[in-house]
Amino acid sequence: MTTKQQKPKEEIDTVVIRFAGDSGDGMQLTGNQFTENTAIFGNDLTTLPDYPAEIRAPAGSLFGVSSFQLKFSKNEVHTPGDDPDVLVAMNPAGLKVHLQDLTKHGMLIINTANFTAKNLKLAEWEQNPLEDDTLNEYRVIKVDMNKMVFNALDDMGLSTKIMARSTNMFALGLLYWLYDRDMKSSVDHFKIKFKSKPEIIEANTRALKAGFYFGETIEAIKTTYSVPKAKFEKGTYRNIMGNQALALGLIAASQKSGINLFFGGYPITPASDILHYLSNYKHFGVKTFQAEDEIAGICSILGAAFCGQLGVTASSGPGIALKGEAMGLGVISELPIVIINVQRGGPSTGLPTKTEQSDLFQAMYGRNGEAPLAVIAAQSPSDCFFAAFEACKMALEYMTPVILLSDGYIANGSEPWKIPDSNKLPEIQLRKVDNPDNFAPYDHSNKKLSRPWAIPGTPGMEHRIGGLEKWDETGHVSYDSENHNHMVMLRQEKVDVIANSFKETEVYGKEGGELLVLGWGGTYGAIRSAVQRARVEGKSIAHIHLRNLNPFPRDLGEKLVKYEKVLIPELNLGQLNSMIRSKYLIDTESLNKVEGKPFTPSEIYSSINKIIKG
Amino acid sequence: MSQVADTDQKLTKKDFTSDQDVRWCPGCGDYAILSQIQKIFPELGVPREDFLVVSGIGCSSRFPYYMNTYGFHSIHGRAPAIASGAKLANPKLSVWIATGDGDAMSIGGNHLIHILRRNMDIKILMFNNRIYGLTKGQYSPTSELGKKTKSTPLGSLDHPFNPLSLALGSGATFAARTLDREIKHLGEIIKRCNEHKGTSFVDIYQNCNIYNDGAFFDLTDKETKAETQLILKDGQPMVYGVDQSKGMRLNGSKLESVILGKDFSIDDILVHDESNKSLAFYLSEITLDPNLPTPIGVLYKKDKPTYNEMMVDQMSEAAKSKGKGDLNELLKMGHTWEVSE
């Protein structure tokens, strides 16, 4: 690489960057490349992709804007950050939608090539913001990226369309220069991704370098920045997205238990990636079945679970609604299945690509009859691995359906992950049986109240299961009223006893005090950041984040009453809040947001501040 | 293999009869079907523990409880999906679905067409009584237009499905029809199903003596059945009637019935060919024609790769090309970096 022109370098702790452009501008790709590079460099980070539900929204339109936010730091990072310090706007629509979030005096990098009269009109700018005082408060770097890229690719004989596709790499190169980075990770990436298209590797590499060298030469940027490496625990790390971690967690549980994984599902945003990932791991004994609909997805895993495999399905709210009846069949037939809900904005089709936590009630109560099942929630992208592992372990050990709640934010977000040693993952104990002597298919005489798993193909243990009420032990059909009462109680107790396996509830902060912030799922990062800040200021505050929503940990009640007040932030209208109030009969405060976006730490912090004065 | 089977004690009907009381209405056609299947299953050469019977909801769907095999009585319409998961989990199993016209063609229609399209090696026995029995007598998707029932006092407005045309149109590789009253024929068809690799679909006409009694009377009554049943045999001319005096002929693009003797000889009569799908459609389409006999037997049979076999192949190919998966390697895939203290 050429020698770098010396510009002063400034060291900073934390940066938030947002890339915004048309859905065709490759913003997700650009963001992911910068993320990968940042992870390898050694900063802690969290990302937030945000894209429209339309695959090819009309070019230049406001609703077609796609963005990717990334926060990286030398310190621990729990969220993708509040407002960006740097905004890269590839077109007028991207600028229009995101300018309001940019911090005062923040850096604004604009591709001027797309600021045509047509695009300005589509983005509803009355005047060209590049020509009036709209951007006066920001440090603006205007570049005609298309022109720069076209010049760089001039001798390659590529079409204008192909060349224009590389402008995002120019922006990426400029940011690499700005943050003192090496370009190698992206060049390597092009070589793998475009293996069969050497001209595309060349075009992207040239565009990337053009952006990088542009930074060196222009006057407008006077300094580069460096964010020192974060302090991580010793170990091997990789950057990982939530859905990817989740798929790995499922495979890990399958490998650990020796029970093959059977995944049956139907494509739905934002859960489809789980199916995509798993379909690549056939050599791990993973079977994937893209069913004709959501119902067939879950029904196929019930069939597979009856036949001795670990059944898993994944969907989002509307798909989960369709699976409700089959979940009830899973409850009454006591089969080991995991139902994953990557939650999105509802009701109905709602906001398919945006995040929400509004399916907790659906997970808890969304079935006919008394049909309790275990519910657990993942709290961050990398935590999806452990949550998935736990869900599978629970399903197999207790012979019960388990619902695993994730959400669009953590599913598509990413963060560095310390790769666990697979040998240190917990063992999974099964209740598989193959001795026909005294076999009773509904024998619950054990501490976990699990049913023996006698698999079709095993001689002498032929038995029938199904959706009609069954006699305890024998599993014969029963309409007996006392037996029904007994079985309803038993199925409830079967879920309740799972709590016996929980460790003591972890409290961040002091046991007891003025305020407890209680959360679940993907709000973890925002809550932890806000509570951290309040603790630094000396506030009497603590944070509990629930992994288990059904059953609750047994010690939760006693912990809650140690605080004067309990604040429950949720991306819904207060579903956990309602469950806590009804179970523990305590007063709580609910902080709600349903905008299809995650909480920012400052939203939670200001709510904390209203409760704890001074 | 065969030695083991020979020396093993022979399975009997009793081995396939569960200890549960059968709770169908007295006189129901389901009894005959159950009894015949309990008799035929021991003859199929499949170990009892390898049978799995899956059902949905409806009178016929109680079937698994009465079979002393592995069984799964599931939810309305979903048996094909559950059975598919079971078959894919353990391809060695002999998987049978007991379903009804409502379960299979109404609430479960979507699963039915897709299991047929995929050619899962699963056998579907559809007990077709052209009525909803368990909900006490509403018209079903195979009830005739204008059917007067509790929910259609002025007659139904629904045109019925033709089950075999639907199956053929969905890509069925085995499509057959039989009757509860013709137990010998039923037994033969069960054996043919068992031999077929792929989805077998059998439309079993079954009498509901409570809500739709006599729906197939013409087909089963001794007085009329010679004239109304066209019993299909592969490679044989399609003759029927008292003394086999009639036959089916293709006139242009229409199947017609002709009398053998003066104008037509046996050489003019169509020869059944189970592998001819167009012919299968012709036969299926005459089912509801009151002037023509009803085809009984195997209309169509074709060997085609099954979904379950192809999945097994893909799995073993992946294992061969990538080697057996190593979890630690998997977790460390992609860009990784080390942090040392």
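This is a predicted model: local features need pLDDT of at least 70, side-chain atom pairs count only at pLDDT 80 or more; totals for chains, interfaces and linings use all residues.
View 1. H6(A) covers residues 167-178, 12 residues in total. From first C-alpha to last, the helix reaches 17 Å, close to the 16 Å expected at 1.5 Å a residue. A residue counts as buried if 20 or more other C-beta atoms lie within 10 Å of its own. By that cut-off 12 of the 12 residues of H6(A) are buried, so the helix is largely enclosed by the rest of the structure. Among them are A:Phe170, A:Tyr176 and A:Trp177. A:Gly173 and A:Asn168 are also on the list of buried residues. After H6(A) comes A:Asp180, with a positive phi near 60°.

**View 2. Two residues of chain A with positive phi.** A:Asp180 is not a glycine, yet its phi is positive. A:Asp180 sits in the loop between H6 and helix H7 (184-193) of chain A. It has 15 other C-beta atoms within 10 Å, so it is partly exposed. A:Asn438, also not a glycine, has a positive phi of about 55°. The loop that holds A:Asn438 runs between strand S16 (414-418) and strand S17 (464-466) of chain A. A:Asn438 counts as exposed because it has 6 C-beta neighbours inside 10 Å.

**View 3. Two cis peptide bonds in chain A.** One joins A:Thr269 and A:Pro270, with omega about 0°. A:Pro270 belongs to the loop between strand S10 (261-265) and helix H10 (272-278) of chain A. Another cis bond links A:Gly346 to A:Pro347, again with omega about 0°. Look for A:Pro347 in the loop between strand S13 (337-343) and helix H13 (360-365) of chain A.

**View 4. Where domain 1 of chain A meets domain 2.** The domain assignment divides chain A into domain 1 (9-226), domain 2 (238-424) and domain 3 (508-611). Taken over C-alpha atoms, the centres of domains 1 and 2 of chain A are 34 Å apart. In this view, 13 residues of domain 1 are in contact with nine residues of domain 2. On the domain 1 side, helix H1 (27-41) and strand S3 (44-50) of chain A each give two or more residues. S3(A) gives the most, with six residues. By class, this side of domain 1 has eight nonpolar, three polar and two charged residues.

View 5. Chain B has 341 residues, of which 45% count as buried. Its fold holds 13 helices and 12 strands. The C-alpha atoms of chain B fill a box of roughly 100 × 50 × 45 Å along the principal axes. Here, 52 residues of chain B are in contact with 57 residues of chain A. Elements of chain B that supply at least two residues each include helix H4 (79-89), helix H12 (307-322) and strand S12 (336-339). H4(B) makes the largest share, eight residues. The side of chain B that touches chain A divides into 22 nonpolar, 20 polar and 10 charged residues.

**View 6. A strand pair across the two chains.** Strand S9 (residues 235-241) of chain A runs antiparallel to S12(B). Four bridges join the two strands. Within this pair, A:Tyr237 stands opposite B:Trp337.

Notes
Residues are numbered from 1 along each chain as its sequence is written. Chains are lettered from A and ligands numbered from 1 in the order in which they are written. The expected span of a helix is 1.5 Å times one less than its number of residues. Two residues are in contact if their C-beta atoms, placed from the backbone, lie within 7 Å. Ala, Val, Leu, Ile, Met, Phe, Trp, Tyr, Cys and Pro count as nonpolar, Asp, Glu, Lys and Arg as charged, and the others, Gly among them, as polar. Two strands pair if DSSP finds at least two bridges between them. Domain bounds come from an automatic or database domain assignment.
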